[in-house]
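Here is a short briefing to keep beside the viewer.

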Amino acid sequence: MLQRIFRLILGVVAVTAGGAAAAQSKPQRPALVAADLRPHQSLDGPWRWSIDPYRDGFAGFHGGEPGPSTRRWQDRTIADVERSDPRALFEFDLQRSPVAQLPGSWIGHAPEMRLYQGLVWYQRSFEAASPKPGQRTMLRFGAADYSTRVYLNGKEIGRHSGGFTPFAFDVTKALKAGTNQITVAVDSARTDADVPPPVTDWETYGGITRSVSLVTVPETYVDDAWIRLTNDGRVAATIRLDGLNQAGRTVRVRVPALDLQFEGTTDARGIWNGSAPAPKMLKRWSPEAPTLYDTLVEAGPDTLTDKIGFRTIEVRGDEILLNGHSIFLRGISMHEEELGKNPVRAMTHTAARALLTEIKQGLNGNFVRLAHYPHSEVVTRLADEMGLLVWSEIPVYWRVAWDNPEALAAARAMMTENIVRDRNRASIILWSVANETPIGEARNKFLRTLIGDVRALDDSRLVTAALLSRREGDVSTIDDPLIPDLDVLAINTYNGWYSDDRLAKLPNISWRSPATKPLIFSEFGAAALAGYHDVGADPHKFSEEFQAEYYRRTLEMAAKVPFLRGMSPWIIKDFRSPRRQHPVYQQGWNRKGLISETGAHKAAFDVLSEDYRRRAEASAKLTAQRGDKAEDSRKTPAF
Ligand code: GCB
């Protein structure tokens with residue numbers, strides 16, 4: 001298994017060559033797991049930026065190498081060259097271009113950037129100390145959307161494709177003591193070979209959308225560490241070192257608060273796999289008690305620290321068991337888009353907390369579906385801390401080029417990067433491989449490959465996909481050929497919104513599933529413009545009353561599905577979507593939020609909140625009864 005896991009990491013991760021379409025498989029190194037908690041030098045803040053709609057920076061006008069007048073990454077002070085050489089010609093000068101604060105999509109840089117799609121160049125300088133012997137410096141991007149080339153001091157140091165996962169380059173040799181210049185080309189254009197393909201139902205948010213940092217590590221360091229509680233009650237660790245001394249090195253895992261310590265020796269590939277019985281005093285992570293433990297991985301001069309929660313997640317029949325007990329997922333879906341009139345996908349800690357608090361406290365939720373792509377690590381860490389279970393997914397969305405090996409490589413790369421980044425997050429219980437994809441042989445094969453990858457990379461979580469169902473009259477049937485491959489079935493259903501069903505009839509719809517497996521309604525929803533009311537007997541679509549009634553009736557229907565184990569209706573907040581252009585109700589926003597883009601609660605918010613309050617109370621009662629029983633059994637003398 002282990003060998004497979006690391007072969008997978010070696011085999012499919014795309015740090016790609018070329019533009020948006022390229023998806024060449026190369027090793028993802030470094031992985032730099034938990035980089036956000038390592039000491040680092042932040043490169044966030046002011047960067048210069050300049051558009052390049054015809055990509056002149058990449059090619060001359062006949063398609064060859066770009067000349068000096070358009071090559072954006074040259075390490076020269078353009079103004080100085082112009083001063084000293086009257087015949088010098090430049091058609092750009094990043095050093096005198098406007099300034100933007102990163103991270104954050106370019107759509108907020110200037111009003112005319114609002115709808116820009118294509119290539120944008122970024123540049124800044126920074127000071128670096130001279131590299132110390134025995135140390136390496138990595139340049140890490142939390143994410144850049146969609147394809148990126150990075151240049152340091154006039155030289156290209158690497159490329160990445162895929163807009164939502166981290167990537168890093170070893171820049172030890174390319175760094176200078178003193179002032180360094182970094183230039184980054186980010187292209188938001190996507191082709192059919194990309195994931196997601198060009199058509200989606202959300203804003204693209206091109207640009208450098210997550211933090212950029214320089215991380216210094218010992219020459220041989222802990223590049224990947226995966227630590228979890230196994231179903232048979234052990235704390236297991238899978239560690240990979242990277243560096244000249246990666247083989248035969250002692251690696252120790254310590255959880256000081258639990259007095260837990262175990263160690264072993266890496267093999268030739270730098271890999272060690274070990275485990276120890278979970279201490280009795282371990283408090284399992286749950287939404288009600290999201291206990292996290294400082295966990296240290298020590299290997300020679302390197303210590304990697306992470307905050308890790310320990311819990312189990314399994315399926316038994318049609319139930320989902322968290323720490324051995326059946327749960328109902330009281331959730332909602334969420335895009336990575338902060339509250340406000342003009343979001344730029346700058347998901348700060350404060351922005352993430354505001355949204356997750358609406359879910360946890362406002363809705364009485366215990367679950368969030370992070371749609372439709374890997375969200376910022378800020379969000380998944382906060383979910384760990386606040387106690388929200390998470391569904392994590394990659395944008396294998398709608399019309400993927402199922403027969404195109406490049407699309408498959410892109411999806412596999414993104415899935416791998418997502419899992420490697422986040423498999424220490426206790427909050428994440430579900431990896432989803434696809435959303436609303438049309439059934440067909442090529443698609444089934446594509447998705448089965450992804451499911452195989454997920455299981456090889458992480459056998460401790462559940463695999464799902466948001467599927468579509470078939471409706472005949474009042475009967476909806478789940479009959480996707482992927483059912484046997486999934487642990488948890490998930491259905492997106494929009495009866496009453498995309499159909500003209502009368503809302504009063506929605507509770508009559510019943511659900512059939514051929515498998516004894518848990519079901520989640522991964523989406524249902526109706527749009528409403530906050531503040532638009534229709535108090536008539538038959539309220540119009542887009543009114544708050546329609547949306548509230550839609551929720552009431554859909555929840556009534558949901559309450560009758562015996563194997564339903566959770567839901568994540570669509571969606572917590574109105575979000576930008578270029579597909580939504582009704583001038584009165586939408587104005588470029590998908591209005592299915594339970595709150596508006598600025599945070600106003602719509603009437604349906606309280607409907608869902610009340611349903612979840614009742615469910616939460618019922619489940620708390622069960623837990624209390626369980627507690628009483630455990631208490632009783634402790635009191636009973638054991639004969
Ligand atoms: C869906 C999609 C989601 C859309 C939503 C809608 O089924 O998964 O991305 O935004 O419907 O509003 O239509």
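Which side chain does the side chain of Arg423 join in a polar contact? The partner is Asp224, and the polar contact between the two side chains spans 2.9 Å. Please keep in mind that this is a predicted model.

**Ligand surroundings**
- The ligand is surrounded by 14 residues, and the closest are Asp201, Tyr397, Glu436, Tyr498 and Lys592.
- Sorted by class, this shell holds 5 charged, 4 polar and 5 nonpolar residues.
- Tyr397 places a polar side-chain atom 2.6 Å from an oxygen atom of the ligand.
- For Glu523, a polar side-chain atom is 2.7 Å from an oxygen atom of the ligand.
- Arg580 has a side-chain N or O atom that lies 3.1 Å from an oxygen atom of the ligand.
- On its own the ligand has 320 Å² of accessible area, and the protein covers 97% of it.

**Annotated region**
- An unreviewed UniProt entry annotates residues 109–218 as "domain: Glycosyl hydrolases family 2 sugar binding".
- Across residues 109–218, the chain is 50% strand and 0% helix.
- The end C-alpha atoms of this stretch are 37 Å apart.

**Gly162**
- You will find Gly162 in the loop that runs between strand 8 (155–161) and strand 9 (167–170).
- Gly162 counts as buried because its relative accessibility is 1%, under the 20% cut-off.
- Leaving out residues up to four places away in sequence, Gly162 touches Ala144, Tyr146 and Met414.
- Gly162 and Ala34 are 128 residues apart along the chain, and their C-alpha atoms are separated by 20 Å.

**Arg423**
- Arg423 sits in the loop between helix 5 (405–422) and strand 26 (428–435).
- With a relative accessible area of 1%, Arg423 is buried.
- The contact from the opening question belongs here: the side chains of Arg423 and Asp224 are joined at 2.9 Å.

**Ser432**
- Ser432 is part of strand 26.
- Its relative accessible area is 0%, so Ser432 is buried.
- A polar atom of the Ser432 side chain lies 3.4 Å from the backbone oxygen of Ala434.
- Beyond residues up to four places away in sequence, Ser432 touches several residues, among them Trp391, Glu393, Met415 and Thr464.

Conventions:
Residues numbered from 1 in each chain as written. Predicted model: local features only at pLDDT ≥ 70, side-chain atom pairs only at ≥ 80, totals over all residues. Heavy atoms only, no water. Near = heavy atom within 4 Å. Polar contact = N/O pair within 3.5 Å; in protein donor to acceptor, adjacent residues only side chain to side chain. Areas by Shrake-Rupley, 256 points an atom, 1.4 Å probe, with all protein chains shown as cover. Nonpolar A, V, L, I, M, F, W, Y, C, P; charged D, E, K, R; others polar. UniProt positions renumbered as here; feature names shortened; annotations may be inferred. Helix = DSSP H or I, 4+ residues; strand = E, 2+ residues; numbered from the N terminus. Buried < 20%, exposed > 50% of the residue type's maximum accessible area, 1.4 Å probe, protein only. Contact = heavy atoms within 4.5 Å.
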